[in-house]
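Thank you all for coming; I would like to take a few minutes to walk through one model with you. Please have a look at the display first, and then I will take the local features in turn.

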Amino acid sequence: MRVSVNLLKQFLDIETNENEIVQLIKEHIGEVEYHHNLEDDYKDIVIAEIKQKEDHPDSDKLGIYQIDYGTGENIQVVAGDRALEVGDKVAYIKVGAVVPYSIYSEPEPFVIKSIKLRGVESNGMLGSAKELNIGNDHERVMVLPNDAPVGTEFAQYYELNDTVIEIENKALTNRGDLFGVLGVARELSAIMGKAFITPNWYTSPSVEIGQEDNCLKIKIENDAESLCPRYTAIALDNIEIKESPVWLKSSLIKCGIKPINNIVDITNYISILIGQPLHAFDYDKLVSNDPNYTDTAYINIRMAKYGEKILGLDEKIYELNENIMVIADSNHPIAIAGIIGGHDTEVDDSTKRIILESANFDKSSIRRTSMQLGIFTDAATHFKHALDTQQCIPALLKAVELIQKISDSKVASNIVDIQYLEYKEKGIQMSINNMNTVLGTNISKEEVTNILKNLEYTVTEQEDLLNITVPSWRRDIDIKEDLYEDIGRIYGFHNVDIKLPQKEIKPPRENKLFSTKKIVREVLSNHGANEILTYSFTDPELFNISNLDANLAYRLKNPLSKELSTMRTSLLLSILPKVKENLERGIDKFALFEMNIAHINKYVTEDNLPVENWYLSLLLTDRKSDGKGSPYYATKIYLEELFRKLNILNIEYSLIADHQEQGLPEYISNVLPMFDPNTSAIISVQGEILGVVGELRYEVRNNFKLPEYTSAFELNINKLIEIPSNYKKYREQPIYPTFTQDLCFEMDDNVNYGDIESVISTIINKDDLWGKVECLDIYKSDDELDKKRITYRIVVSNYKKTLADKDIKEIVSKIEKKIKVSYSADII
Amino acid sequence: MEYSIKEIEELVKTIEEDKKELDYESFRKKHTGNNGILTQYLKKIIDIPNDQKAVYGKEINSVKEDVLNILEEKKKLENTYYSSKKIDPTAPFDINSNKDELQKFFTLEGSKHPLTKEVEILVDIFSSMGFDVLESRQIDDDYHMFQSLNFPKGHPARDMYDTFWTEDGLILPAHTSTMQNRALKSFGPPPIAVVLPGRCFRNEATDAGHEHTFHQIEGVYVDKNISLGNMIATIKTYLEKYLNAELEVRIQPAYFPFTEPDCEFVISCPFCNKAGCSTCGHSGWIEIMGCGMIHPNVLKEADIDPDIYTGFAWGFGVDRLTMIKLGINDIRYLRSGNLNFLRQF
């Protein structure tokens, strides 16, 4: 929303300078995007008169002019326009001045210099409308009206010595009334503590229509009443289409609207003043285009029929449907209601009679149509913020008044006014006390009343209560809290008492998910791993090369690009490319991890929303590894470190190749195909499956060009935190000495390390024994590939006595026997 | 020559066995390498009497063809499927290796992500002020993202949020306010004090200052007699703690359908103390977040009586705060996964 300070001052008797106004708007109304004094764009541009002219001898197009801008001295300027006449008034851009258009369109503004054009000296430039930034014509030098005073600054003559302030539309989303200068003026007045009185033409509009004027018949039928609560129109005859006077053009230019002709310019001017979009139809075109023409112009507000088309004023054809409201004659649409007029009834140079429309349309309908058709006109912007139904008539009549002021036209019909529902005033009751509680203020009743009255609310007092009638233009005010905001805003939020709330002294509830992630982050980052964050969006192609199923992913309806069109089902999908990129950066060895949510399509909660599990995924790689052993174990020790810190015991790892694939949870079966079954394991604790760890399949690794020494894990953190982690309690140590013994077993290759370890551990921790077991070595010779040797070191003690040699022997033989029976392994 | 033919038969037998047992490389070495068996057989043809050369040649060439086919097959198989050997997943380290070798990653330069680190710091501050924490969803529905927040269908304020939609009609939240209704319900009845951090998405082009993916922290506070002044004090208090500076604050009007009154929270720039610097765009002030008193309709939607309780809410972007605090000039670094960036933190 762009406001001109001079237009504001038409409604407001203030001396305040523009910087103060900007500050007040920021503090009390909403964010200001920028403000700019247009005069700065027109320095050293003055009105000059053509004194002599001759054609350039070496050019068909250039003319050589002697001009005078009031100094009595002729200056020679060469212009690309030969049609200027002696005596014409023009805008002369002096040497050293900047061409206004170039300020906004070129990286470096264009500064006028003295130059020779085909051998003839030229000192300055005669501005075209485009170069002066006030129109589209750049072929012709703009000739000013003959009464333009020579020597006057152009900005002053064209009333551009004014500041424009752009208020952010977002802050005005619910304030249709602030899309007109009148509304902003009213707010500013209240902010400065002054009563605002809306002009009479707005509050009690009237026009005299004589019997003889009522000669053009109009019939209007509203078949879309719920979306068009009001439609008013009037016909004007004897229209003479011409250029608008300077004041009118200037007002439009300042608000970023290009002048077109006197009629269209007036409709736009009304929109600037009070936000009400108006539309002018060419009466004769409307009538003659209607196949069922009688002697009455017929206008119908209705929903479009599927497949109907309209050629808009922007020369584009729009295909319509049943959701789009149109203005139509008896047969076809002549405008898209509230958004854009139709080309077939456009006002042009030959127009003699017009119908002026001033209507109110439903904000949601306008918004939907505007988005659907991609038409973002000022009219659509205004309507979609909800306008006052009561301003249709004042807008219409003010337009008639102004049109008559600048042309000889006359009213040629009655005012047609179709209103769906009689306007009812809104009344709200509020308590001063409650208001002060919500705002944290101590504003007196008198002050509250003043603020509200200055904004033209009607206020009656009833003890602590105020009964308030809301002005018709405040469609955003429904409840008392809306009034509190108005009062707080005008009073100034900076005047509020700043005080912390009083609260019971109570610790916050534990969020185990959040606190577990904190521990994970701490542990992994302290062990050389780097936390990353990656996008939730992935390329569907990544699924293919990662051997995962893209059909399990949620897809976006409106992605930014194909590469960002699919929601990942596993964090590893987005970590893999990052591993590749870091290798390409020349980093040889690293471990990356991310904690985030991944989604699996159709894996939903009771209320049909996707299950949102948090995952921890880690991927490590080492390009320079000597390749001894599977990288599975390097990833596994990260898990062990983590489980130890989280106090989770009895973790089981079972090889994917040996695991039943059926009955695995979604979050595992989804990611499983990425892992190599022979070198990866499913992680579970107490029967709860937590995740997968291991090497990636050869082809996945190869697709990302990752080194052989690469492995990963993905853990479901939500499942992890469900596992009860017991408090670690102190375990009494025996006071007697410990004995250490190494035991080397030879066993079949397929016997698991962990099974034997648990047998040993059980034996050395019962019957008063206390013991620990650890692995010293796992060996396999090239000759005997189906056998392996594992050396366990046991450290053992007794709570009641010092262990004797024979006790040790007894323990060892117990272990030996048990292992021989269960696993046919021998001590060697 | 009978002897040679018999020999060939034996060779075929060996090949059949090796085909099952050996991988590509060993098979190639054994048979077609410089001293390979087949290579020897092929060389032998010189010694075969002329009258038998044709028969021998035919036989041995057919064997050669078979061998080449086997090699081709093996190569193909190994290229598409890496024939790994089963490991013992319960062992602490692999056969013939040791544990110390595995810990080589532990000594690398590890790091926490700067953004999650800031979230932790902020949540710690909120926690010390008595706020509960609940993290935000990343896919949600229209009800939570819009309707429960007083954005009826067709409301123009929906345009303020460039939301992503899934093909199934779900929404990727454009703000953490998507959690307000849930938080009010699950932490109610009042007093309620909760912060809601989470990842948000907006469908907009990415550049140094804009991301389609970003992080927000929402705050919700509901109790009896809660005022706008309480809100300003709360926000000011935690920002001063977080930025370790005394701040001047300004409250500017704004518009959000789910608050009434609606405000923009503006702080004096903690880096230049209002003198103007690059962080505050030389204005001396930084617009840091949207906030306001929770709209009565939002409270009602969560079964809280707005005639008894009032409350406030805020939402701010963590990315921008992190960037301001750490002097990061391009938001895209945060999700680049670039180790040269990450290892600085």
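This is a predicted model: local features need pLDDT of at least 70, side-chain atom pairs count only at pLDDT 80 or more; totals for chains, interfaces and linings use all residues.

Phi of Asp768(A) is near 70°, a positive value in a residue other than glycine, and most residues other than glycine have a negative phi. Is Asp768(A) buried or exposed? Asp768(A) has 11 other C-beta atoms within 10 Å, and a residue counts as exposed if it has 12 or fewer, so Asp768(A) is exposed.

Asn647(A) is found in the loop between helix H19, residues 632-646, and strand E32, residues 651-655, and with 13 C-beta neighbours inside 10 Å it counts as partly exposed.

Staying in chain A, let us turn to a pair of helices. The axes of helix H7(A), residues 246-254, and helix H8(A), residues 262-274, come within 10 Å and cross at roughly 55°, which makes H7(A) oblique to H8(A). The crossing of these two helices, H7(A) and H8(A), is left-handed. On the H7(A) side the contact is made by Leu248(A), Lys249(A), Ser251(A) and Leu252(A), and on the H8(A) side by Asp265(A), Asn268(A), Tyr269(A) and Ile272(A). The residues of this contact divide into 4 nonpolar, 2 polar and 2 charged.

Now to chain B, and to its prolines. A cis peptide bond joins Gly188(B) and Pro189(B), with omega about -5°, and a cis bond also joins Pro190(B) and Pro191(B), where omega is about 10°. Pro189(B) lies in the loop between helix H8, residues 180-187, and strand E4, residues 192-201, of chain B, and Pro191(B) lies in the loop between H8 and E4 of that chain. As a reminder, most peptide bonds are trans.

Finally, in helix H11(B), residues 318-326, the buried residues are Val318(B), Asp319(B), Leu321(B), Thr322(B) and Met323(B). The buried residues of H11(B) pack against helix H6, strand E5 and strand E9 of chain B, and just after H11(B), Gly327(B) takes a positive phi of about 70°.

Technical notes. Residues are numbered from 1 along each chain as its sequence is written. Chains are lettered from A and ligands numbered from 1 in the order in which they are written. A residue is buried if 20 or more other C-beta atoms lie within 10 Å of its own, exposed if 12 or fewer, and partly exposed in between; C-beta atoms are placed from the backbone. Helices (H or I, at least four residues) and strands (E, at least two) are DSSP runs, numbered from the N terminus. Two residues are in contact if their C-beta atoms, placed from the backbone, lie within 7 Å. Axes are lines fitted to C-alpha atoms, for helices over the stretch in contact, and angles run from 0 to 180 degrees between N-to-C directions. Angles under 35 degrees count as roughly parallel, over 145 as roughly antiparallel, 65 to 115 as roughly perpendicular and the rest as oblique. A crossing is left-handed if the near helix is turned anticlockwise from the far one by less than a right angle, and right-handed if clockwise. Ala, Val, Leu, Ile, Met, Phe, Trp, Tyr, Cys and Pro count as nonpolar, Asp, Glu, Lys and Arg as charged, and the others, Gly among them, as polar.
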